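Good morning, and thank you for coming.

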Amino acid sequence: MKNIKAIIFDAYGTLFDVNSAAEKCKDKIGDKWEGFANYWRTTQLEYTWLRSLMDRHKDFWQVTEDSLDKSMKKFEIDASMKNELLNLYKVLSPFPEVPEVLKRLKEKNYKLGILSNGTPSLLNELVKSNNLDSIFDDIFSIEEVGIYKPDSKVYDIPIKKYKIQKEEVAFLSANTWDVSGGGNYGYGSIWVNRNNNIFDNLDYKPKDEVKNLKQLLDII
């Protein structure tokens with residue numbers, strides 16, 4: 001990819017492992033922890049899309065709590081664990097290669113940003129708890145426009161800030177709908193396919209596909 005001026009990352013599932021909160025409680029939850037974690041994430045995303053369509057916005061932390069309530073009932077998890085799971089979600093673990101790759105990209109003098117559904121306070125705490133707060137030039141939240149990805153107003157936020165062209169942005173996400181959202185908007189979108197998934201048919205083919213962020217260093 002040529003003429004890239006900014007590299008923008010999705011946060012949840014791309015830089016940070018959304019299943020790590022439930023995994024840290026697997027001794028209490030038992031073998032169903034992974035199914036529970038996946039259900040929680042799926043419900044969380046569904047709520048963001050449905051709220052956008054209904055024009056009934058709640059911020060990401062409220063959506064996260066609402067989707068957790070449903071997931072705990074579905075998997076019959078003791079209600080007393082709710083606060084523990086929510087607190088762990090605030091300090092999700094990054095994927096193993098993330099800190100080193102971000103450091104190397106920083107040395108190349110790209111603008112580095114996060115563009116996420118998360119609230120500003122949630123994202124700032126997440127970045128700080130993983131000692132990544134000195135890496136990013138900006139942390140962009142959908143709260144600036146009050147609607148969730150993949151609405152084009154979200155992808156427009158970094159363009160307005162940096163006053164650059166859409167094709168000068170490399171956008172990375174592990175979520176195929178997000179890759180397509182950014183790509184259809186005009187970004188050079190790269191799919192982080194950690195789990196050998198199949199890409200969705202949403203009128204966009206990724207510019208590149210990587211299995212982890214280390215491979216990004218060979219592309220940029």
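Predicted model: local features only at pLDDT ≥ 70, side-chain atom pairs only at ≥ 80, totals over all residues.

Let me begin with the chain as a whole. The chain contains nine helices and six strands. How compact is the chain? Its radius of gyration is 17 Å, close to the 17 Å that the globule rule gives for 220 residues, so the chain is as compact as a globular protein of that length. The C-alpha trace spans about 50 × 40 × 35 Å along its principal axes.

What share of the residues is buried? Of the 220 residues, 52% count as buried.

If we take contacts between residues at least 6 apart in sequence, 63% of them join residues at least 24 apart.

I now come to the domains. The chain is divided into domain 1, made of residues 6-16 and 93-218, and domain 2, made of residues 19-91. Taken over C-alpha atoms, the centres of domain 1 and domain 2 are separated by 22 Å. The contact between them takes 18 residues from domain 1 and 16 residues from domain 2.

Let us turn to individual residues. Threonine 48 is found in helix 3, which covers residues 33-54. Is threonine 48 buried or exposed? Threonine 48 counts as buried, because its relative accessibility is 0%, and the cut-off for buried is under 20%. Leaving aside neighbours within four places in sequence, threonine 48 is in contact with Phe60, Val63, Asn117 and Tyr148. Threonine 48 and lysine 149 are 101 residues apart in sequence, yet 8.1 Å apart in space, C-alpha to C-alpha.

The second residue is proline 120, which lies in helix 7, residues 120-129. Proline 120 has a relative accessible area of 40% and is therefore partly exposed. Not counting residues up to four places away in sequence, proline 120 touches Ser141 and Glu143. Proline 120 and phenylalanine 140 are 20 residues apart in sequence and 7.5 Å apart in space, again C-alpha to C-alpha.

That concludes my presentation; I thank you for your attention.

Note on methods
Residues numbered from 1 in each chain as written. Heavy atoms only, no water. Helix = DSSP H or I, 4+ residues; strand = E, 2+ residues; numbered from the N terminus. Rg over C-alpha atoms; globule rule 2.2 N^0.38 Å. Buried < 20%, exposed > 50% of the residue type's maximum accessible area, 1.4 Å probe, protein only. Contact = heavy atoms within 4.5 Å. Domains from an automatic or database assignment.
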